[in-house]
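Please take a walk through this structure with me, one neighbourhood at a time. Have the sequence and the 3D view at hand as you read.

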Amino acid sequence: MNRKRQLAAAGIGLVAIASLAGCAGTTSSAPSNGGGVEITYLTHWGPEQTAQLEAAAAAFTAENPDVTIKVQSVPFDQLLSTLATQGSGPDGPTITNIYTAWLPQLASDGIVGPAPADVAADVTANYGAGFAAAASTEGSVYGVPNEVALYQLNYNTELLQAAGISEAPADWDALIADAAALKGAGVKNPYGFITAWGNGVVHPFLSLLASNGGSFLNADGTASALTSPEALEVARLYEELVDKGLTDISLSTADANTTGPYLDSFSQNLTGMIVMANWWKGTLESAMGDGFSDIASAPIPVGPSGDVSSSISYTWANVVSSKADEAKQKAAWEFLTYLNGPDSGAAGSSAMGDILVGMGILPSRTSDLDAHAAELNTPFLTSYVEAQATATPFPTVNGVAEATTALQTELEALLNGQKDAATAMKDADAAVNAALSAVR
């Protein structure tokens, strides 16, 4: 799961990395089947998942003997640089599994191309609207979504029950009241925050903002929306939690691997509630052992200006090189249609869905969610699955990684009492606009 914990940092270097395209060696694409087409699939997965992907590729080749697929796996921190350096030529990776925040720059640089009409139609029909949007840019579908991450309110049922709380808070008034009850019951950190990690700081804030009827950026993604009344209300919620001693910021820090005190605090029953993504499930299980049975998830509490709980979501997607020749591109899209289709896996799941659920990751295709419903029906995961219907996609626009860092800085100043809510949002608005303007 470490790949998700480094996304913002990787995105910042995309423009510079892409400028080096063509400087590194490429993977040989000579066909191994004596005259057919060989395509390459670049991923960051480990050996077990790579073997499953190779098995799916072999099954596709058995039905399409003129196409062979070579899987290339690199560590996550080399995925983007490998794509950028190899992707400018016809012998670079044909298919790459990318974090969709990278998509606008990759498309702008001409490294990846739009999906053909049949694939685009499948994506818009069989994936949630937010996930299809995340795999799109400039109005066109560019990739096939696969894994998805969302945020929900994770809480310790034992701590809440000991404080006389029967259910998770559904709105901000209940959130404040429950945090106060937890404090009264002796919980050191009633409501936990995360600091020192970009996505860990920004995504929970934006999830509360989306659940309060607001947004990070304006409708076309060209400017900040952080001086809206809705954004200021979220900032004032943070301020209230700090001022009332309902959070202990000393327990919020993330380390270089995005674990550390915030994780330790929650797993050691020092934190009652925290907004976090579904992918840390495995980490929590390892840290808590049998105690993980006390952990459940609930929708993001709805704010005073909101109508519905809405989590920020981000996705990964398979994209195809625009530099590959026509035969390779055709074969690549046909393989992706097979890999992500309901006939390639077990019991109505796609092969991709089987791989993802095997890693404990939520798939984004509707039929995969249906096929794996029993496995996903747990106190921890059910809320995440249901949240997909109202999720708000993290914006995929140029400069968003730098904008994320700008917002992180101001939120940490707010949480540490260095700025009040209004000043933090005013300064965040200016810094985010500067980051977005720098790439235009």
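Are Tyr99 and Trp102 buried or exposed? Tyr99 is buried, and so is Trp102, where buried means under 20% relative accessible area, exposed over 50%, and partly exposed in between (1.4 Å probe, protein chains only). Before going further, please note that this is a predicted model, in which local features need pLDDT of at least 70 and side-chain atom pairs count only at pLDDT 80 or more, while totals for chains, interfaces and linings use all residues. Residues are numbered from 1 along each chain as its sequence is written, and side-chain values use heavy atoms, with hydrogens and water left out.

Let us begin with the aromatic rings. A search of the whole structure finds 17 aromatic pairs. Rings of Phe, Tyr and Trp (its six-membered ring) pair if their centres lie within 6.5 Å; planes under 30 degrees apart count as stacked, over 60 as edge-to-face and the rest as tilted. Another edge-to-face pair joins Tyr191 to Phe193, at 5.1 Å centre to centre and 65 degrees between the planes. Tyr191 counts as buried because its relative accessibility is 4%, and Phe193 is buried too, with a relative accessible area of 7%. Elsewhere, Trp197, Tyr262, Phe266, Trp279 and Trp280 form one aromatic cluster.

Tyr99 also leads us to the strands. Helices (H or I, at least four residues) and strands (E, at least two) are DSSP runs, numbered from the N terminus. Strand E11 (residues 312-321) is mostly covered, with ten of its ten residues buried. Which strands pair with E11? Two strands pair if DSSP finds at least two bridges between them. Strand E3 (residues 95-99) pairs with E11 in the antiparallel sense over five bridges, and Tyr99 stands opposite Trp316 in E11. Strand E4 (residues 112-113) is joined to E11 by two bridges and runs antiparallel to E11; here Gly113 stands opposite Val320. Strand E7 (143-156) and E11 also run antiparallel, joined by six bridges, and Val319 in E11 is the bridge partner of Gly143. With strand E13 (residues 392-393), E11 pairs in the parallel sense over two bridges, and Ile312 has Thr392 of E13 as its bridge partner.

In H6 (residues 117-126), the buried residues are Val119, Ala120 and Val123. These three lie on the same side of H6, because they cover an arc of only 100 degrees around the axis, the arc being that of the directions from the helix axis to the C-beta atoms. An α-helix has 3.6 residues a turn, so residues three or four places apart point the same way. On the other side of H6, Ala117, Asp118 and Ala125 are exposed. The buried residues of H6 pack against helix H7 (129-134), strand E6 (140-141), E7 and helix H14 (326-339), where contact means heavy atoms within 4.5 Å.

A search of the whole structure finds three cavities of 30 Å³ or more. On a 1 Å grid over the protein atoms alone, a cavity is a set of points where a 1.4 Å probe fits but cannot get out, and lining residues have an atom within 4 Å of a point. The second largest cavity has a volume of about 60 Å³, a volume being the space filled by probe spheres set on the points, which are joined across faces, edges and corners.

Ala196, in the loop between E8 and H10, has a positive phi of about 70 degrees although it is not a glycine. Asn269, in the loop between helix H12 (261-267) and E9, has a positive phi near 65 degrees. Asn278 lies in the loop between E9 and helix H13 (281-288) and is buried, with a relative accessible area of 1%. Among the residues that Asn278 touches, not counting those up to four places away in sequence, are Val148, Leu362 and Tyr384.

Notes. On a 1 Å grid over the protein atoms alone, a cavity is a set of points where a 1.4 Å probe fits but cannot get out, and a pocket is an open set with protein on both sides within 12 Å along at least five of seven lines; lining residues have an atom within 4 Å of a point.
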